[in-house]
Amino acid sequence: MLVKVISKIPFAVMTGFAFLLFGITFMYWNFKPDVNFLLTKQGLVDHPIWRPAFYVHIFGGMLAIVLGPLNFIKYIRRKNLNLHRVLGKTYVASILFIAAPTGLYMAFYANGGILSSLGFILMSILWFYTTFMAVNTIRKKQVNEHVKWMVRSYAMTFAAVTLRLWVPFLSIVVEMEHLKVIILTAWISWFFNLIAAELLLKLKLTSLQP
Ligand code: HEM
């Protein structure tokens with residue numbers, strides 16, 4: 001019993017961070033140009049495509065970050081498979097049609113120049129690809145493969161959280177120069193998540209199966 005409770009702590013912590021980011025992101029919905037990150041984009045806040053793309057991106061990102069964990073909850077899948085399907089389809093649509101394409105577009109304008117742009121471009125493509133594979137496998141009724149790709153997809157989604165944890169860690173603890181932090185986090189925010197996902201799949205696959 002105790003072991004079971006303890007084993008659920010990482011998932012609970014991950015879900016907590018996901019909901020925290022969801023909550024924090026509401027700050028942008030007053031549509032003001034001088035909110036937090038938008039202050040670093042003063043050359044772009046009046047851009048006719050970038051600014052709408054930003055709101056579309058955070059809308060899709062907010063859906064994906066909170067819907068992801070719900071799809072891993074065994075209880076929901078067992079009790080109400082239809083609910084799992086609706087939540088899953090919304091998660092997938094929010095990434096494939098909304099957040100990943102706009103993330104890819106915004107990647108070309110990312111703070112930190114070409115090296116961070118490349119990190120975000122690859123991140124958007126992998127986010128799209130892992131999510132697309134999750135859909136593709138379940139269409140072929142390959143449930144085990146579907147679970148694996150969903151874990152990878154959410155590892156990518158969760159990069160939005162880990163990025164915001166790496167930034168203060170590298171800036172305050174490691175005292176790294178700001179530009180280096182911006183560039184490095186565009187890569188390590190998702191790279192280590194994917195490694196963690198693969199380790200998780202190797203170690204715990206059975207407990208993730210429906
Ligand atoms: C993992 C795939 C994702 C990619 C590739 C991506 C891409 C991007 C890019 C390129 C930017 C602009 C960065 C810049 O101009 O320097 C950005 C900003 C932003 N994204 Fe995403 N994003 C992803 C996931 C998410 C998720 C899941 C959320 C959930 C809320 C989210 C919310 C935001 C917010 C709020 C910003 C503004 C920056 C800030 O407030 O820190 N993104 N994203």
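Colleague: Which helix does His-57 lie in?

Modeller: Helices here are DSSP runs of H or I with at least four residues, numbered from the N terminus. His-57 lies in helix 3, residues 50-71. Before we go on, this is a predicted model, so local features need pLDDT of at least 70 and side-chain atom pairs count only at pLDDT 80 or more, while totals for chains, interfaces and linings use all residues. Residues are numbered from 1 along each chain as its sequence is written, and side-chain values use heavy atoms, with hydrogens and water left out.

Colleague: Which protein donor does the iron atom of the ligand have?

Modeller: Donors are N, O and S atoms within 2.8 Å of the metal (3.2 Å for Na, K and Ca), and since water is not among the atoms, sites may look incomplete. For this iron, the protein supplies a single donor, NE2 of His-57, at 2.1 Å.

Colleague: How many salt bridges does a search of the whole structure find?

Modeller: The rule is a side-chain nitrogen of Lys or Arg within 4 Å of a carboxyl oxygen of Asp or Glu. The search finds three. One of them joins Lys-148 to Glu-145 at 3.4 Å, N to O. Those two are three residues apart in helix 7, so about one helical turn separates them. Another pairs Lys-180 with Glu-177 at 4.0 Å, N to O.

Colleague: What does the salt bridge between Glu-198 and Arg-152 tie together?

Modeller: Their side chains meet at 2.6 Å, N to O. Glu-198 sits in helix 9 (residues 178-208) and Arg-152 in helix 7, so the bridge ties together parts that are 46 residues apart in sequence.

Colleague: Is Arg-152 buried or exposed?

Modeller: Buried means under 20% relative accessible area, exposed means over 50%, and partly exposed is in between (1.4 Å probe, protein chains only). Arg-152 has 14%, so it counts as buried, whereas Glu-198 is partly exposed at 34%.

Colleague: Which residues is His-146 in contact with?

Modeller: Contact means heavy atoms within 4.5 Å. Leaving aside neighbours within four places in sequence, His-146 touches Ala-134, Thr-137 and Ile-138. His-146 belongs to helix 7, residues 143-157, and is buried at 13% relative accessibility.

Colleague: Where is Gly-113?

Modeller: Look in the loop between helix 5 (81-107) and helix 6 (114-139). Gly-113 is partly exposed, with 34% relative accessibility. From Val-5 it is 108 residues away in sequence and 45 Å away in space, C-alpha to C-alpha.
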